Amino acid sequence: MTLPNGPKTSPTWQMLEWTIDPIGYMERNTKKFGETFTARLGHGLNGLVFVSNPDNIREILTAEAQQFDAGRTNGILQIFVGDRSILLLDGAAHKQRRKLLMPPFHGDRVLTYGNTIIQATLCIVDERPLGRAFPVRSIAQEITMRVIFKAIFGLNEGERYDLLYTMMADILEMTASPLKASLLFFRILQQDWGPWSPWGRFLRRQKELDDLLYTVIRERRETLDASRTDILTLLLSATDENGESMSDRELRDELVTLLLAGHETTATALSWALYWTHKYPEVCQRLLAELDELGETPDLMAVFKLPYLTAVCNETLRLHPVALITFPRIVNGSFQMGDRTFEEDTVLAPCIYMTHHREDLYPDSDRFNPDRFLDRQYSPFEFYPFGGGNRRCLGMALALYELKLALATMLRHYEFALPEDRPIKPMRRGITLAPSGNLQLVKLRRRSPSEVRQAASAVGS
Ligand code: HEM
């Protein structure tokens, strides 16, 4: 079988382009080879087929679960999450772990995090002094970290929380730029030359985090209170079909997975949403007008369902999908996509970024325009920031709830401004993309309810 055309440069060179300038890499190759092209990015893969046509995306995301493996391609994440994490599992083991982890992230359980999201947002923003610029990432990350800590451990304050927070933030900072991220993508750089070398520092910090997590797991196991509703208690109480409970190693890997996946991604989405709502004040005013209609103490579900707020969050995730591609899918047996048949072990990568930037679906696709989500309904193969099929993001409902409530709370209660009007571009942060540079906001004042109404009444004037 011949794979679709693609760049012929060396895998190392392509990996360098993919690490430093992933958007440029995808755009150049789509222009040259078409919407389906084969990349060679090393890591033992013969070729990675980038796919962005919605019909093909549907074929991949609606295929039977056993048609693909995905855990095997997630080796790069193993550095953070270990090899027992859901991200690395396939087949029956993956299905079973998903079934176990799903309930706390769905239905009414997600709604129970509402007050935590609002309290965390108010408390964290209140701490920032008036009139002074602050990094948006720091606020967004603190909010999402507090929420995920509450969901996982049932705690969100105290010394242990502070320590865990600092350790996680430190580890993530170590891969938070294109240059630093090369540590993840180039195995040759993963050399422990002592505590001052980048990899040595990474390993030591990770060991400290693991030690603390193992202590927490041991203590919780010894004093297990099955009536608690946090995720750690759920995992500690769970047994498989043979009556075996999860080992400490499995628990550690799953905790790191959820801590990481559960806050870094949502923090990036919130940062972008804050950027665009302040870049275009009319967007902010329309949001305030919509919120104002819900009265002074709005029902949280009503906030979640607001059409314009939903459109703003969707447009943010369309323009800046946090993950450029879904987990790559490895074909089991053979797979028919359009008029091509792909053989065993071909790796297909649904390319969220390129689908979300198709001019035939999203005219003027580089422009932030929430109205496109009010004018048209997009299918889950045209708009899929959370992937799909049997690997669809487990935290999607929580992430959307958090994004909407945190954004609405910040806009309702405070007035902010961008300190300078400079373009902000997407830049690699670990395996995701986030706003470039040091995106900042200035907190101008706390709004009174009548001010919200005043700002809202300016809409359309
Ligand atoms: C804006 C925020 C988020 C975005 C854009 C996002 C995006 C994604 C994407 C694209 C995937 C891969 C899906 C696929 O390959 O089809 C994924 C998987 C996953 N996400 Fe998220 N995510 C977000 C927030 C969260 C949150 C809050 C959690 C909660 C802990 C979470 C947990 C996970 C897990 C566990 C998986 C792996 C699922 C599996 O392997 O079966 N994510 N996410």
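Residues are numbered from 1 along each chain as its sequence is written. In this predicted model, local features need pLDDT of at least 70, side-chain atom pairs count only at pLDDT 80 or more, totals for chains, interfaces and linings use all residues, and side-chain values use heavy atoms, with hydrogens and water left out.

Start at the iron atom of the ligand. Its only protein donor is C393, through atom SG, at 2.3 Å. Donors here are N, O and S atoms within 2.8 Å of the metal (3.2 Å for Na, K and Ca); water is not among the atoms, so sites may look incomplete. C393 sits in the loop between α18 (372-375) and α19 (396-413). Helices are DSSP runs of H or I with at least four residues, numbered from the N terminus.

Now widen the view. The ligand is surrounded by 27 residues; each has a heavy atom within 4 Å of it. The closest are H94, R98, F327, R329 and C393. Helix α13 gives the largest share of this shell, six residues. Both α5 (91-101) and α13 supply at least two residues each. By class, the shell has 15 nonpolar, nine polar and three charged residues. Ala, Val, Leu, Ile, Met, Phe, Trp, Tyr, Cys and Pro count as nonpolar, Asp, Glu, Lys and Arg as charged, and the others, Gly among them, as polar.

Which residues reach oxygen atoms of the ligand? A polar side-chain atom of H94 lies 2.7 Å from one. For R329, a side-chain N or O atom is 2.7 Å from an oxygen atom of the ligand. G388 uses a backbone N or O atom, at 3.0 Å.

Follow α13 onward. Helix α13 (residues 248-279) and helix α14 (residues 281-292) have axes that come within 4 Å and cross at roughly 105°. The axes are lines fitted to C-alpha atoms over the stretch in contact, and angles run from 0 to 180 degrees between N-to-C directions. α13 and α14 are therefore roughly perpendicular, a label for angles of 65 to 115 degrees. T277, H278 and K279 in α13 meet P281, V283, C284 and L287 in α14, with contact meaning heavy atoms within 4.5 Å.

How values were computed:
Parallel < 35°, antiparallel > 145°, perpendicular 65-115°, else oblique. Polar contact = N/O pair within 3.5 Å; in protein donor to acceptor, adjacent residues only side chain to side chain.
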